[in-house]
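You asked for a quick read-through before you open the file yourself. Here are my notes, point by point.

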Amino acid sequence: MGRKVYVKSFGCSTNLADGEVIAGCLKHAGYEITQNPSEAEILIYNTCAVKSPTEDKMVNILKKIPENKKLVVTGCLPLINLERLQKEVRFNGVIGPSPGSEIVNIVRRVENGEKPLVLRNDLKPSLSLPRVTVSPVSRIIPIAYGCLGACSFCCVRFARGKLRSQPMDEILEQVKKAVKGGVKEIWLTAQDLAVYGKDLGLTLPVLLNKVLKEVKGDFFVRLGMMNPHNVLEILDELIEVYKNDKIFKFLHLPVQSGDDEVLGLMNRFYTVEDFKRIVFSIRKEIPRLTLATDMICGFPGETEEAFRRSLRLIEEVKPDIVNISKFYPRPRTPAERMKQLPSWEVKNRSRRMTETALKVSLERNLSWVSWEGEILVDEMGLNKSWVGRNFAYKPIVVKDEESLLGKFLKVKVKKAFSNYLEAEVI
């Protein structure tokens, strides 16, 4: 034992949490975790393949691994495009996403000269497994794996499988442990946070109320992505939860299109009006809500008029953040078999939407200039700067020579940009 292992994770917050558990389980089993790939004997790449460019990036990285290193590939890529992985990458072992303690068995088999190929999408690692944490300030807790959706463009559901919610008491225990250990930000994450507990006869608001009532200490909860279709069922209770001071006023609600016909082709089970009702209902009670949404440009069947409806929706709803994706057909999805738009048109629409979204983001951020209040510094910025978050999870940059990580600061916002605010400490 004592062999050196390098673990690198890509993609969503769930994958980053999985990476911490992979490192934790291997360390617990006697391996040495190193931050330097050149000194490791075994390299573990925890991959993402949600979009075609991401998959290309992953494959290019994996192809460059030196032949004298043993390579284990985990994450979503093996279940999304195993054929390409086998054709283009030299690996020693493969296991699907969220392997938990199973990773130790895989690594041992690789050391014994085997070439394990474990393609499971139903694993649900215990939240009490050891972790090698990356941030002293934030802790990602995956409260569920998989989803109940059937979006026609999505390949992640092949990798992540059906909904598997974590027991409420286990989640509660981990939040308490993290806060007791000095963590100030708890990220509750899932493929779709809004369906948490449906397989256990529970709901997300029930869990959140329990966390807020039973966990003592100075901390905030950041809620992850929620599908509008599933938010509709818990909207009133969710609004009540959002009023709690410990919940960041941040909502990630992916609309994907501003056109009902396109939403139908995408197999999203809500309308544009449903999306607007959620946003306006929450904003009525929480006016300074930070809204993040996702949009896909150039989905098969999206006409110019349908695309313009998406632009109009951005201008009407005014999200603070719009994550824009050009449509790429993904393996084995229904959308792959639909008639595709020309790539130049998809690029053109993406450019136009980016211009609209940045204009709206800047407009939203300008309203924060002169705001005074408290921020929690949760990451290091560039050139002796630090990034903190206020109650609405707005990224606020402050400059200081000393480390401010984990500190609460009183600041005044001086400048606004499309993606962040700049402030001085007061």
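**Notes on the model**

1. Let's start with a charged pair: Arg84 and Glu55 form a salt bridge, with their closest N and O atoms 2.9 Å apart. Arg84 belongs to helix α4 (residues 82–88) and Glu55 to helix α2 (residues 52–63), so this contact ties together parts that are 29 residues apart in sequence. Both Arg84 and Glu55 are buried. Keep in mind throughout that this is a predicted model.

2. For the whole model, the count comes to 36 salt bridges.

3. Another one to look at joins Arg3 and Glu41, whose side chains meet at 3.2 Å, N to O. This pair links distant parts of the chain, 38 residues apart: Arg3 is in the segment before β1 (4–9), and Glu41 is in the loop between β2 (32–33) and β3 (42–47). Arg3 is partly exposed because its relative accessible area is 34%. Glu41 also counts as partly exposed, at 34% relative accessibility. As background, side chains of opposite charge can pair when their charged atoms come close.

4. Next, have a look at strand β10 (residues 185–189), where 5 of the 5 residues are buried. Which residues cover each side? Glu185, Trp187 and Thr189 are on one face, Ile186 and Leu188 are on the other, and all of them are buried.

5. What does β10 pair with? Strand β7 (residues 138–142) runs parallel to β10 and is joined to it by 5 bridges; within that pairing, Arg139 has Ile186 as its bridge partner in β10. Strand β11 (residues 220–223) also pairs with β10 in the parallel sense, over 4 bridges. Follow the chain from β10 through helix α8 (residues 204–214) to β11 and you trace a right-handed β-α-β unit.

6. Strand β15 (residues 372–380) is where you'll find Asp378. Asp378 is buried, with a relative accessible area of 9%. Setting aside residues up to four places away in sequence, Asp378 touches Val137, Ser138, Glu185, Val387, Gly388, Arg389, Tyr393 and Leu405. Glu185 in that list is one of the buried residues of β10.

7. Val377 is in strand β15 too, and it is buried, with a relative accessible area of 0%. Besides Leu404, the contacts of Val377 beyond four places in sequence include Val137, Trp386, Gly406, Lys407 and Leu409.

8. Helix α5 (residues 102–111) has a buried set made up of Ile103, Val104, Ile106, Val107 and Val110. Seen down the axis of α5, the buried residues fall within an arc of 160 degrees, so they line one face of the helix. What do they pack against? The answer is α1 (13–28), β3, β4 (70–75), β5 (93–95) and β6 (117–118). After α5 comes Gly113, with a positive phi near 90 degrees.

9. Finally, the cysteines. How many disulfides are there? The count comes to 0. The sulfur of Cys151 has its closest cysteine sulfur in Cys154, at 6.0 Å, which is too far for a bond. Cys154 is in no disulfide either: the nearest cysteine sulfur, in Cys155, is 5.8 Å away. Cys151 counts as buried, at 10% relative accessibility.

Methods:
Residues numbered from 1 in each chain as written. Predicted model: local features only at pLDDT ≥ 70, side-chain atom pairs only at ≥ 80, totals over all residues. Heavy atoms only, no water. Salt bridge = Lys/Arg side-chain N within 4 Å of Asp/Glu carboxyl O. Helix = DSSP H or I, 4+ residues; strand = E, 2+ residues; numbered from the N terminus. Buried < 20%, exposed > 50% of the residue type's maximum accessible area, 1.4 Å probe, protein only. Contact = heavy atoms within 4.5 Å. Pairing = 2+ DSSP bridges. Right-handed = clockwise from strand over helix to strand, strands pointing away. Disulfide = S-S within 2.5 Å. Arc of directions from axis to C-beta.
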